[in-house]
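Welcome, and thank you for stopping by to look at this structure. Please take a moment to turn the view around, and then read on for a guided walk through it.

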Amino acid sequence: MLLFYHFGRYLLFLKKMFSKPETFSIYVSRTFTEMVEIGIRSLPIVAIIALFSGAVSTVQTAYQLVSGLVSKTIIGSIVSDTVILEFAPTITCLVLAGKVGSSIASEIGTMKVSEQIDALEVMGINSAGYLVLPKIIAGVIMVPLLIILAMFLGIYGGMMAGSMAEILPVEQFLEGARSTFKGFNVAFSLIKATTFGFIITSVSSFQGYYTEGGALEVGRSSTNAVVYSAIMILFTDYLIAQILL
Amino acid sequence: MIEVKNINKSFGEKQVLQDISATFLPGKVNVIIGASGSGKSVLMKCMVGLVEPDNGQILYDQQDFLSADYTSKKDIRKQIGMLFQGSALFDSLTAEENVAFPLKMFSNMSKQEQKERVDFCLHRVNLDHAHKLFPSEISGGMKKRVGIARAIALNPKYLFCDEPNSGLDPVTSRVIDNLIEEITDEFNITTIMNSHDMKTLFDIGDHVTFIYKGKLAFEGNIEDFRKDTSEEISEFLSASYFQR
Ligand SMILES: Nc1ncnc2c1ncn2[C@@H]1O[C@H](COP(=O)(O)OP(=O)(O)OP(=O)(O)O)[C@@H](O)[C@H]1O
Ligand SMILES: [Mg+2]
């Protein structure tokens, strides 16, 4: 029952956010700030995760395919497909849930407990819209861009690991990758990325916005933001796969 | 003039405000006084629209704030400045950016006009050297002064102060009190402030609203309040004299 209560509150929160927006120009500049915060500042961590998850999957796929009966190019296909379909969007977003989600929840939570949100409301500003909408727009735009980067770097990481460990040469890896490449997979993955970008920013903002109390509760909201975003990401990951595949 | 009529507010089972009706005089310092937990902050939050009362009316110059539509509400809100108990300055903005914030959001001033207004407001609260400092870099008393500067930036008709001198030393408290009194007179603002400090009340108060356990126990001028012999008021007064 509690689950429905919180989910209902979350939906009402989204409704509050989209109602009665402030001046357009203010949103634009706030959105750019958030795009830098959410997108640019996450580049290093996204790059590291992508490179290593690609590299690991090449090594482990090779290990599992010890039989000499199949062509080694298959490693290129498997690695690039899993990177595009799952590793790039899902693993990256799980990590982003930790990095971006906790910072959003603690930022908004601190503003809540120190009455800064009340100060916005008294001025007649729709605080949810002013604070949260730019973050969500930035998340929905930047997360897919980060995921595209993660796809390239993931495949690159896998390819390099293959050639450095002498599992298979670059040409064979690429041949395999090309042979099973489907544009649909990329589109599917970007749909996931957009959804996850929305989930991370909105769930974390929601957790922050309803913080009551003090510093301790801000920490708790920030933890909850990460946990609930991660759960929702995995759940929707499964749901989208069921619907679209 | 602000009038509240028959305000009730409960949180769950707990009734915090019971049938409060009061009037706040224009151009004066109106002090809401009462013990901790008596419901002062909740009443003030009802008046500025941060908390929705269960029923009753809040009239700003005869216009009911609670039943007003979105645009009228917004118009009333533009006439309200508020100083929060913890100052509530925006952490990510410097002192001058905090004061400029309402100007940026709601006025059509040019950059230059905004800057002049910010300088004027900060100068008015005697803060000429903190423009570029962040809230984390200034003292509690300075934060309150930046809070006042931000609250008066848009030339409000009403100034709400939630315990403006809580957490300040006695000297700084008097400074803030006097500042509020001067600003009220100078700009002809209707000031409503929460306090449990008798010294504040007798120093700068013009009109008193005394809340006792969520009910209105006294309303009127300071002299009558001082002379009142009812049990609640005597208890409160003697306790605060004892304290000093
Ligand atoms: N959001 C809320 N949810 C539940 N109870 C609340 C809420 N806000 C206030 N209360 C309760 O209402 C009562 C009055 O609180 P209020 O903050 O108005 O007191 P106060 O008179 O301002 O006291 P103080 O002088 O300590 O600030 C308290 O018992 C408080 O627990
Ligand atoms: Mg209070």
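## A walk through the spaces in the model

Let us begin with the largest cavity, where strand 6 of chain B supplies the largest share of the lining, namely three residues. Keep in mind as you look that this is a predicted model. The cavity has a volume of about 170 Å³, and the structure holds one cavity of 30 Å³ or more. Its lining is made up of 15 residues, and those closest to its centre are A:Met123, B:Ile80, B:Gly81, B:Met82 and B:Arg150.

Next, please move on to the largest pocket, which holds about 1,300 Å³ of space. This pocket is lined by 32 residues, and the ones nearest its centre are A:Lys16, A:Glu121, B:Gly49, B:Leu50 and B:Val51. Elements of both chains give two or more residues to the lining: helix 4 (73-113) and helix 5 (116-122) from chain A, and strand 1 (2-11) and helix 2 (70-78) from chain B. Which element gives the most to the lining of the largest pocket? That is helix 2 of chain B, with four residues. Sorted by class, the pocket lining has 14 charged, 12 nonpolar and six polar residues.

Now turn to ligand 1, which has 13 residues around it. Of these, B:Lys14, B:Ser36, B:Gly37, B:Lys40 and B:Ser41 come nearest. Which elements of chain B each supply at least two residues of the shell around ligand 1? They are strand 2 (14-24) and helix 1 (40-48), and helix 1 gives the most, with three residues. By class, the shell has six polar, four nonpolar and three charged residues.

A polar backbone atom of B:Gly37 is 2.8 Å from an oxygen atom of ligand 1, and a polar backbone atom of B:Val42 is 2.9 Å from an oxygen atom of the ligand. For B:Glu163 it is a polar side-chain atom that lies 2.9 Å from an oxygen atom of ligand 1. On its own, ligand 1 has 630 Å² of accessible area, and the protein covers 63% of that area.

To finish, step back and look at chain A as a whole. Its secondary structure comes to nine helices and zero strands, so to follow the chain from the N terminus on is to read α-α-α-α-α-α-α-α-α. The C-alpha trace of chain A spans about 70 × 40 × 30 Å along its principal axes.

How values were computed:
Residues are numbered from 1 along each chain as its sequence is written. Chains are lettered from A and ligands numbered from 1 in the order in which they are written. This is a predicted model: local features need pLDDT of at least 70, side-chain atom pairs count only at pLDDT 80 or more; totals for chains, interfaces and linings use all residues. Side-chain values use heavy atoms; hydrogens and water are left out. A residue is near a molecule or strand if one of its heavy atoms lies within 4 Å of it. A polar contact is a pair of N or O atoms within 3.5 Å; within protein, one must be able to donate a hydrogen and the other to accept it, and residues adjacent in sequence count only if both atoms are side-chain atoms. Accessible areas come from the Shrake-Rupley method with a 1.4 Å probe; for residues, only the protein chains shown count as cover. Ala, Val, Leu, Ile, Met, Phe, Trp, Tyr, Cys and Pro count as nonpolar, Asp, Glu, Lys and Arg as charged, and the others, Gly among them, as polar. On a 1 Å grid over the protein atoms alone, a cavity is a set of points where a 1.4 Å probe fits but cannot get out, and a pocket is an open set with protein on both sides within 12 Å along at least five of seven lines; lining residues have an atom within 4 Å of a point. Grid points are joined across faces, edges and corners, and a volume is the space filled by probe spheres set on the points.
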